[in-house]
Amino acid sequence: LQQVALYHDLTPQEVLGQWEMAKAAASGRWSVAVGGINLIWTNDGPVPAPGAVMALETPGGSQHLHEMFSQIRQSMAPELSREGIRFQDLELAGHKVTGITIKEDGATIPFFVSFLDDQVLVGFNRFLIEKCLTNRSQGSKHSLASSASFKRSRSKAGANPLVEIFVNTN
């Protein structure tokens, strides 16, 4: 804890406070949607990888996580840039999204983060995260939450399941 505090020019109490804040914010339900193909560009050309979007429900709001993300991004900008990590502020489906590109050993790995009122979305495929944001904005009838088979599956899972797995084969 002291090493992390020294590295970030914080007191151990500030680091502990940030840890407790992140732990509380990340205690919500996690969901992962996998679909499509994401291309990771390497020196040898594109490599296919599964596209995915992860959603973290933040019952107390995502504001604290967003503030931490912004502080880390700002305070570590020079180090992150030297490591080949680039940030781009975007707007997708009417929502603010941060595009992050990591260049590592000849590979370029893109991903996207969006802080919503009660969720944080992290996507490894721009199309999928944009589709999630569009569904959220429009209350789409095509979202997973409106699927009859998903509703049946969730009702069978009980009140507080540790893990839920739903595979949509349509």
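Predicted model: local features only at pLDDT ≥ 70, side-chain atom pairs only at ≥ 80, totals over all residues.
Asp105 sits in the loop between E4 and strand E5, the latter covering residues 107-115, where helices (H or I, at least four residues) and strands (E, at least two) are DSSP runs numbered from the N terminus. Although Asp105 is not a glycine, its phi is positive, at about 50°. With a relative accessibility of 76%, Asp105 counts as exposed; the terms here are buried for under 20% relative accessible area, exposed for over 50%, and partly exposed in between, with a 1.4 Å probe and protein chains only.

Residues are numbered from 1 along each chain as its sequence is written, and side-chain values use heavy atoms, with hydrogens and water left out.

Ala93 has a positive phi of about 50° although it is not a glycine, and Ala93 lies in the loop between strand E3 (85-92) and strand E4 (95-104). Ala93 is partly exposed, its relative accessible area being 29%.

How many salt bridges does the structure hold? There are two, a salt bridge being a side-chain nitrogen of Lys or Arg within 4 Å of a carboxyl oxygen of Asp or Glu. In one of them, the side chains of Asp89 and Arg73 meet at 3.0 Å, N to O. Asp89 belongs to strand E3 and Arg73 to helix H3 (residues 63-75), so this pair ties together parts that are 16 residues apart in sequence. Asp89 is exposed, with a relative accessible area of 57%, whereas Arg73 is partly exposed at 23%.

Asp118 forms a salt bridge with Arg136, and their closest N and O atoms are 2.6 Å apart. That pair links distant parts of the chain, 18 residues apart, with Asp118 in the loop between E5 and strand E6 (119-123) and Arg136 in helix H5 (residues 126-138). Asp118 is partly exposed at 37% relative accessible area, and Arg136 also counts as partly exposed, at 35%.

Finally, the surface. Ile37, Leu39 and Trp41 make a nonpolar surface patch of about 320 Å². Patches are made of residues with over 30% relative accessible area and no salt bridge, like charges being joined within 9 Å and nonpolar side chains (Val, Leu, Ile, Met, Phe, Trp, Tyr) within 5 Å; accessible areas come from the Shrake-Rupley method with a 1.4 Å probe, and for residues only the protein chains shown count as cover. Leu39 is found in strand E1 (residues 30-42), and Leu39 counts as partly exposed at 37% relative accessibility.
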